[in-house]
Structures are given as C-alpha cells and as structure tokens.
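Student: Could you take me slowly through the salt bridges here, and then look closely at the helix that holds one of the partners?

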Amino acid sequence: MAAQRTILVVEDERTIADAVAARLRAEGFAVHCASDGPGAVEAARRIGPDAVVLDVMLPGFDGLEVCRRLQAERPVPVLMLTARDDETDLLVGLAVGADDYLTKPFSMRELTARVHALLRRMTKASAGEPPIVLGDLEINRAERRVTRNGVEAHLTPTEFDLLVHLAGRPRTVLPRERLLADVWGWADASGTRTVDSHIKGLRRKLGADLIRTVHGVGYALEVDR
C-alpha cells in the first residue's frame, strides 16, 4: 500500500485554511496547517511535506520568504496562493521557487487538480534511468541532481523537470505552449510567463548561456548532444 502523501497548508485566514484542509483530506492526503511564516518553516522542517499550499500574505514574514527558506533547505513542490492578480507578485513568487500559483478566489476543484499535478511530476518513474550527459551538463534523474562543470545546482522540482524536458531534445526549439502542456500539464497557454520565470531560474543557477530564447516561439537547450 502506497504511503499517504502529506500536504502543508499555510494560510492565516481560518475559513480558507479549514476549507482547503478539508478538501485535501477528502482527496486522501494527510494535512497539516500553519498560519504564519515562522510556523510554516518550523512545520516543514518537522513533517517534511510532499507539497506545500502557501499563501503570500502571512504574519511574521510573508509567503515569499517562506518559499525562499523552504527551497534553500529541501526542495519541495509549492503551490502559491495570491489575493490579487498582480503579475509582479506572481513573477516574484516563481522566482523564489514556487512551482505553480492560484489567484483568490479559486475553486477547490482547481486547487486539488494543481496539487495532484505537482505530485505526479515528482513521482514520474526515474529509477534505473541513466544520467543525461550533455557537454558539461549532467542530469541524474534517479537522484534528481544536476551538475554543470562538476558544480551541483540546487533546482526546485519544477526547474528540474523543465530542464529534463529540454534536455530530451537538445538544440531543438520547444514552444512555450508545448512546455506548459508537457511539464505543467496545462491545456491552455495562459501561463507562458510561468515558463519564462522558470527559465530565468535555470539560467541564474546554471549559466545564462545554457538556454537560448527564440523570441515569440520558445526555448532551446544549447549544449552538445
């Protein structure tokens, strides 16, 4: 029998936290809750969640700082909740390691679908698959580790999945819409800025020369086959 997945819900509005927790428990998850920044970081260290549903606006310190600290200690999939559709907030959230986001108000059906999608990406079969070696880039899929020039880069779960997908067809331009469908599982093209933000993260951690932008189309991994 598969182990029960654990979700940490970080939300200071009690009614929203209770509703999200109840729906996730109904989906079969073990759910823990925190209501402020320091409590969220402590809870994550204590329980080691499989995914985090994280509000941006929190007492203590905000969700962006929580996300930054969590990803620095142990990369974990993060679904960020934001109270307004502010593009700057969303891009900053993605830049500090969030994998996906929802703008309030949201439907519980959409939230659970996003959580399931995050966890599916994390559990794709990779055991026994050989490392991908392209020039000075090495991707160990079984251990989810990446090195370039022998130096390890600490990627978020979605950054890793995006890099693996690009590495599957090096030097081939992959459209943003295709990346959204294949990596995020999104059927529409409404999240192309999400792709752009994760590409920026990969460039920051692995080198600006690694990924080529084809304006108006998409991205290509610029390494030797």
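Tutor: What follows goes from the salt bridges to one pair of helices.

This is a predicted model, in which local features need pLDDT of at least 70 and side-chain atom pairs count only at pLDDT 80 or more, while totals for chains, interfaces and linings use all residues. Residues are numbered from 1 along each chain as its sequence is written, and side-chain values use heavy atoms, with hydrogens and water left out.

Side chains of opposite charge can pair when their charged atoms come close. A salt bridge here is a side-chain nitrogen of Lys or Arg within 4 Å of a carboxyl oxygen of Asp or Glu, and the structure holds 21 of them. One of these joins Glu 65 to Arg 69, with N and O 2.8 Å apart; both residues lie in helix α3 (residues 63–73), four residues apart, which is about one turn of the helix. Helices are DSSP runs of H or I with at least four residues, numbered from the N terminus.

In helix α5 (residues 108–122), Glu 110 and Arg 114 are likewise four residues apart, and their closest N and O atoms are 2.8 Å apart in a salt bridge. Arg 114 is buried, with a relative accessible area of 16%, whereas Glu 110 is partly exposed at 30%; buried means under 20% relative accessible area, exposed over 50%, and partly exposed in between, with a 1.4 Å probe and protein chains only.

The salt bridge of Lys 205 with Glu 159 has its closest N and O atoms 2.7 Å apart. Because Lys 205 lies in helix α8 (residues 192–206) and Glu 159 in helix α6 (residues 157–167), this pair ties together parts that are 46 residues apart in sequence. Glu 159 is buried at 2% relative accessibility, while Lys 205 is partly exposed at 31%.

Helix α6 also meets helix α7 (residues 176–184), and their axes come within 10 Å and cross at roughly 120 degrees. Axes are lines fitted to C-alpha atoms, for helices over the stretch in contact, and angles run from 0 to 180 degrees between N-to-C directions. The two helices are therefore oblique to each other, since angles under 35 degrees count as roughly parallel, over 145 as roughly antiparallel, 65 to 115 as roughly perpendicular and the rest as oblique. On the α6 side, the residues in contact (heavy atoms within 4.5 Å) include Leu 162 and His 165, and on the α7 side they include Leu 179 and Trp 184.
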